[in-house]
Amino acid sequence: MIDFIGNRRKAYLLSLVLVVAGLISLSIFGLNLGIDFTGGTVLHLNLGEDFSIEEVQEVIAPFEELEGAAIQVVQGRDLDGDLSDEGLVIKAQYIEEARRDALMDTLRNRWPQLDPADLRIESVGAVVGSELARQALLSLAVAVALMVVYITIRFEFKFAVATIASLLHNVLIVIGIFSILRMEINVPFVAAILTVFGYSVNDTIVIFDRIRENTKHKRKSEYAAVVNESINQNLMRSINTSLTTLFVLIALLFGFHYYIGSLDLIVFVVALILGVFIGTYSSIFIASPLWINLQSVQFGKKRKKAA
C-alpha cells in the first residue's frame, strides 16, 4: 500500500514549486490574451498558392493596424487523408471594413489565386472582450460557491475547503503553464477550465466518499491510516478513468492538429489534457492530505481548549 499521507510534504513541495513558477511567469510576462478578451480582428485566408510568413509580413507592412500582428500558418487534411492547402491566420487589432477591403486588394495583387469565398473574418470589440472576461470570472466564482455549498451539505465544510484549495491549485498550475509557454488564452480555454473544475471535483468526491465510509466507527487518531487506505482503494479507478479520458483527448489533439487545423480547439484540448493530468494528481496527492491537515488543526485547537 502506498503511503500518500506520509509523503504528502513532498507532494506539497512539488505543487508549491509549480505554483510559484507560474506566479512568477504571470507577474513578469502576464497572459497571452486572445482577441476574445482584448478585442481585435482575425482573418482566415486561403492564398491559393505557396507563401512564406516573411512574404506576408512584407506585403502587409504598409498597414499600420497590422503592426505586431500574429501571423500563423494552418493546414489540415481532407477525408482521404491528403494535406489541404495551407491557410493563413492573421490576428491583429480591430480593422475597419474599408481597411480590410484595402488589405484584401493588396493580398490579391500578390496572390491572384486568393479566393474571397474562402475568407473568414472574426471581429470582437474591446467592450465585448472585457465583458467576456468579466463573465468568465463570474462563471468561475459561481461554480466555486455552488461547489462549497454542495460539498458542505454532502460532507462537511473541511472537505469543501480541501476541494476548493485543490481546484485553485489545479487552475493556477494550468494558467501558469500557459503563461510560461505563451499559449493564447481565449474563450475555449475558459470552457476547458470549467470542465477541469467538474472533472477534478468528480474524482475528489469519489475519494472523499470512500473516506467518509471508511471513517465510520473509527477513532480520529486512525484517520490518517483510513485516508491512506481509501486513496489506495480508489487508485486504479482514478488512473484508469484519467487514462481513458487522456486517450480521447490525445486523439482529438491529433485530429485538430493534422486534419482540422483549428488553433482555438487545439488550445481547448491542451488545457483539458493539462487539467486532467493535474486534476488526477491533486485528487490523490493534495485534496485528501489537506483534509488530514485541517483535521489536525481542529484537534490541536480542541486540545488547547481542554488544557
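Trainee: Where is Val-20 placed, and why is Val-20 called partly exposed?

Mentor: Val-20 sits in helix H1 (residues 8-28), where helices are DSSP runs of H or I with at least four residues, numbered from the N terminus. The model is predicted, so local features need pLDDT of at least 70 and side-chain atom pairs count only at pLDDT 80 or more, while totals for chains, interfaces and linings use all residues. Residues are numbered from 1 along each chain as its sequence is written, and side-chain values use heavy atoms, leaving out hydrogens and water. Buried means under 20% relative accessible area and exposed over 50%, with partly exposed in between (1.4 Å probe, protein chains only); the relative accessible area of Val-20 is 36%, so Val-20 is partly exposed.

Trainee: What makes Leu-23 partly exposed?

Mentor: Leu-23, also in helix H1, has 41% relative accessibility and therefore counts as partly exposed. The C-alpha atoms of Leu-23 and Ser-179 are separated by 8.9 Å, although these residues are 156 apart along the chain.

Trainee: Which residues of helix H3 are buried, and how do you know that they line one face?

Mentor: In helix H3 (residues 53-60), the buried residues are Val-56, Val-59 and Ile-60. Seen down the axis of H3, they fall within an arc of 85 degrees, so they line one face of the helix; the arc is taken from the directions from the helix axis to the C-beta atoms. On the other side of H3, Glu-54 and Glu-58 are exposed.

Technical notes:
Helices (H or I, at least four residues) and strands (E, at least two) are DSSP runs, numbered from the N terminus.
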